[in-house]
Amino acid sequence: MRALIVYESMFGNTRDVAKAIAEGLAEYVATDAVEVGDAPVEPAADVDLLVVGGPTHVLGLTRPKTRADAATKTEAPLESRGDGLREWLAALPPADRRRAAAFDTRIDVRWLPGSAARGVAKRLRRRGYRLISPAHSYYVADMTGPLADGELERARTWGRHLGFDLAAASLHGT
């Protein structure tokens with residue numbers, strides 16, 4: 001069993017969340033976390049769980065314009081510099097009920113609508129993936145970060161839950 005996490009990250013916060021999720025998952029299954037620019041066009045046949053996440057920009061997935069705007073908010077180079085999840089998901093081949101999960105990072109304004117994770121989840125379902133968990137959001141204090149207190153541990157815990165559920169499903173042949 002294997003899990004693959006594909007993430008897009010502007011300032012490193014989503015990357016850090018992806019790596020924390022990977023740590024939790026790795027307690028149960030072999031797990032790789034890759035930046036979207038390095039992600040395979042299609043997950044390998046032995047990937048039992050695809051986890052996809054990115055930052056929320058203008059209430060949803062990033063676009064070329066929002067990524068360009070993000071670049072103006074920092075002196076450091078962006079973590080993800082090419083195409084984002086929106087483009088990667090559009091090219092993702094259909095899957096036959098392969099398991100998946102979605103997450104995002106967003107500013108810690110919980111009443112604010114919109115979520116990149118919901119957009120990821122919708123696109124994964126359209127591609128034939130079966131979501132095994134509701135979309136999760138992890139919060140940053142401001143656009144460039146840092147992550148809110150406790151978010152990395154929350155991400156590790158979610159990764160453990162995903163890994164446990166995947167291992168249990170494998171034991172039961174589901």
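1. A residue is called buried when under 20% of its relative accessible area is left, exposed when over 50%, and partly exposed in between (1.4 Å probe, protein chains only). Strands (E, at least two residues) and helices (H or I, at least four) are DSSP runs, numbered from the N terminus. With that in hand, look at strand β4 (residues 99–107): eight of its nine residues are buried, so the rest of the structure largely encloses this strand.

2. A word on what you are looking at. This is a predicted model, in which local features need pLDDT of at least 70 and side-chain atom pairs count only at pLDDT 80 or more, while totals for chains, interfaces and linings use all residues. Residues are numbered from 1 along each chain as its sequence is written, and side-chain values use heavy atoms, with hydrogens and water left out.

3. Which strands pair with β4? Two strands pair if DSSP finds at least two bridges between them. β3 (47–55) and β4 run parallel over seven bridges, with L50 opposite A100. β4 is also joined in parallel to β5 (residues 130–131) by two bridges, where R99 has R130 as its bridge partner.

4. Now for the charges. Side chains of opposite charge can pair when their charged atoms come close. A salt bridge here is a side-chain nitrogen of Lys or Arg within 4 Å of a carboxyl oxygen of Asp or Glu, and the whole structure has twelve of them.

5. One of these joins E79 and R15, at 2.7 Å from N to O. E79 sits in the loop between α2 and α3 (85–91) and R15 in helix α1 (residues 13–25), 64 residues apart. E79 is partly exposed at 27%, and R15 is partly exposed at 24%.

6. Another joins E23 and R156, whose closest N and O atoms are 2.5 Å apart. E23 belongs to α1 and R156 to α5 (residues 151–172), so this pair ties together parts that are 133 residues apart in sequence. Both also belong to a salt-bridge network with E27, E153 and R160.

7. Is R67 buried or exposed? R67 forms a salt bridge with E87 (3.0 Å, N to O), linking helix α2 to helix α3 across 20 residues. R67 is buried, at 8% relative accessibility, whereas E87 is partly exposed at 24%.
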